[in-house]
Amino acid sequence: MNDTIAAIATAHGVGSISIVRISGKKALEIALKLTRKKELIPRYAHLCKIYKDNDDFLDEALVLYFKAPYSFTGEDIVEFHLHGGFALSEILLDELINSNIRLAQPGEFSKRACLNGKMDILKAISIQELIMSKSSSAASIIAKNLKGDLSVFLNTIRIELVKTLAFVETSIDYADDDLPQDLLEQIIQMCEKNSKLLSDIVDISLRKKGLIEGFKVTIIGKPNAGKSSLLNSLLAYDRAIVSNMAGTTRDRIEENLKIGSHLIKIIDTAGIRNAQDEIEKIGINLSYKSINEADIILVVFDGSKEFDSEDKQILDTLQNIDKKIIYVLNKSDLEDKFDHAIKDSCIKVCAKNSSNEVKNVLNKYLNTLDGDHMLVSNALILNSCKEASEAICRAKDLLQENSLELFAFELNIAIEAISQFTKKFERDEILEEMFSSFCLGK
């Protein structure tokens with residue numbers, strides 16, 4: 001933390017601007033040396049000539065100085081807004097290294113911001129996820145966490161748990177009697193409420209993770225039903241080979257696609273049937289695996305043929321699948337011979353001409369998944385919420401058995417789990433809560 005670090009803050013490549021950022025005690029000193037300036041006014045954009053150590057001119061650029069502690073990292077920061085390109089920013093980095101500035105490690109600017117109290121870990125994680133978001137819906141969800149909604153949510157639960165733990169530990173140390181029944185009920189209700197809140201956010205986040213990561217949509221059906229034609233139509237280009245020969249698709253094909261504001265990964269699979277060919281069998285097994293992985297299943301039937309045993313095999317496969325299933329009756333340009341009751345639930349399309357109806361149904365369904373629910377995409381945070389919820393639930397059961405010591409033990413586990421991403425848990429907090437209600441002068 002005592003050394004000064006530098007890194008290129010913009011994406012690598014050719015662009016209008018390339019930003020090189022320095023953070024640390026020597027940031028201002030180095031900036032003055034490179035610009036040949038006597039001073040840089042904080043938060044003011046200076047148009048400066050940048051010189052190398054041997055006085056060779058490098059570039060004319062905007063230079064911004066952020067004085068500690070009013071900066072992203074809480075340290076002195078200087079940004080050089082150079083003309084974009086591969087060479088200039090690399091040359092400047094070499095000059096900085098020659099001046100004993102160290103190249104920053106991945107995430108080190110954000111790490112310093114956390115260590116210096118400029119942001120909590122949750123905000124740092126949200127910034128990274130926002131940068132990596134692949135759709136507008138994902139960006140919108142992550143922005144709520146960046147604003148601090150998740151931090152407030154976890155901190156509120158943490159405060160209630162610490163207060164309860166302080167009271168119970170006081171009772172263990174100083175009281176001979178059992179907890180009053182009304183107070184016991186209040187603590188039990190607190191445990192039930194917070195355990196459910198944490199459990200709900202885990203469940204909702206897992207069920208709706210497709211809003212952030214992208215939904216997996218698997219296309220299944222018997223051979224020659226038009227699965228590959230539907231894939232090509234959805235993608236608006238010929239990605240899969242289309243042939244009248246059954247079993248043309250052997251391996252599954254995956255492509256990303258935007259439907260409205262949502263990102264989906266669409267998967268074309270081998271036709272499901274009782275095949276004899278070993279390679280085709282492998283493809284069919286991959287089809288079953290794709291069904292298990294999918295968030296949404298597009299089932300394609302051939303409307304120009306009668307319902308047969310292969311169609312029945314597909315419906316039987318989906319009988320106990322608890323996922324969104326959309327039925328598509330393809331080849332609507334041909335004579336309709338499909339004779340099954342599920343026909344009334346199908347979207348009728350001619351995949352080789354248009355898939356707009358399928359897109360509309362997908363978009364309508366995906367829009368229903370949007371909402372104001374708080375979602376968490378980070379696996380570590382989700383695991384901590386799950387761990388805390390389970391510990392609180394165990395604590396509640398132990399409290400009902402009047403096992404105050406074990407109750408306190410489980411509540412400590414819950415607080416520690418949440419505190420990984422909020423304020424660090426210190427035992428002094430328990431003492432503060434214990435004595436906060438004492439009279440003045442005592």
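The model is predicted, so local features require a pLDDT of at least 70 and side-chain atom pairs a pLDDT of 80 or more, while totals for chains, interfaces and linings use all residues. Residues are numbered from 1 along each chain as its sequence is written, and side-chain values rest on heavy atoms, with hydrogens and water left out.

The secondary structure of the chain amounts to 15 helices and 12 strands. Helices (H or I, at least four residues) and strands (E, at least two) are DSSP runs, numbered from the N terminus. Of the 442 residues in the chain, 46% are buried. Here buried stands for under 20% relative accessible area, exposed for over 50%, and partly exposed for values in between, with a 1.4 Å probe and protein chains only. Contact means heavy atoms within 4.5 Å. Among contacts in the chain between residues at least 6 apart in sequence, 65% join residues at least 24 apart.

The spaces of the model come next. On a 1 Å grid over the protein atoms alone, a cavity is a set of points where a 1.4 Å probe fits but cannot get out; a pocket is an open set with protein on both sides within 12 Å along at least five of seven lines, and lining residues have an atom within 4 Å of a point. Grid points are joined across faces, edges and corners, and a volume is the space filled by probe spheres set on the points.

The largest pocket holds about 540 Å³ of space. Its lining is formed by 16 residues, and Gly107, Glu108, Phe109, Ser110 and Gln128 lie nearest the centre of the pocket. The elements that give two or more residues to this lining are β1 (5–8), α3 (108–115) and α4 (121–132). The most comes from α4, with 4 residues. By type, the lining of the largest pocket divides into 10 nonpolar, 4 polar and 2 charged residues. In this division Ala, Val, Leu, Ile, Met, Phe, Trp, Tyr, Cys and Pro count as nonpolar, Asp, Glu, Lys and Arg as charged, and the others, Gly among them, as polar.

The structure also holds 2 cavities of 30 Å³ or more. About 40 Å³ of space lies in the largest cavity, whose lining includes Leu122, Ile125, Asn145 and Val376. Helix α4 supplies the largest share of this lining, 4 residues. The lining of the largest cavity comprises 5 nonpolar, 4 polar and 1 charged residues.

An unreviewed UniProt entry lists Arg21, Glu79, Lys118 and Lys442 under "binding site". Of these residues, Arg21 is included in the lining of the largest pocket. UniProt positions are given in the numbering used here, feature names are shortened, and annotations may be inferred rather than shown by experiment.

Glutamate 79 is placed in strand β5 (residues 77–83). This glutamate 79 counts as buried because its relative accessibility is 11%. Its side chain makes a polar contact with the side chain of arginine 21 at 3.1 Å. A polar contact is a pair of N or O atoms within 3.5 Å; within protein, one must be able to donate a hydrogen and the other to accept it, and residues adjacent in sequence count only if both atoms are side-chain atoms. Leaving aside residues up to four places away in sequence, glutamate 79 touches Ile19, Val20, Arg21, Leu62, Val63, Leu64 and Phe66.

Lysine 118 belongs to the loop between α3 and α4. With a relative accessibility of 35%, lysine 118 counts as partly exposed. Apart from residues up to four places away in sequence, lysine 118 touches residues including Pro69, Tyr70, Phe72 and Ala113.

The "binding site" annotation of the unreviewed UniProt entry also covers Ser228 and Thr249. Serine 228 is located in helix α9 (residues 227–235) and is buried, at a relative accessible area of 10%.

Two loop residues complete the account. Threonine 422 is found between α14 (404–419) and α15 (428–435), and at 14% relative accessibility it counts as buried. A polar atom of the threonine 422 side chain lies 3.2 Å from the backbone oxygen of isoleucine 418. Histidine 12, in the loop between β1 and β2 (17–23), is exposed because its relative accessible area is 62%. Beyond residues up to four places away in sequence, histidine 12 touches Phe86 and Glu90.
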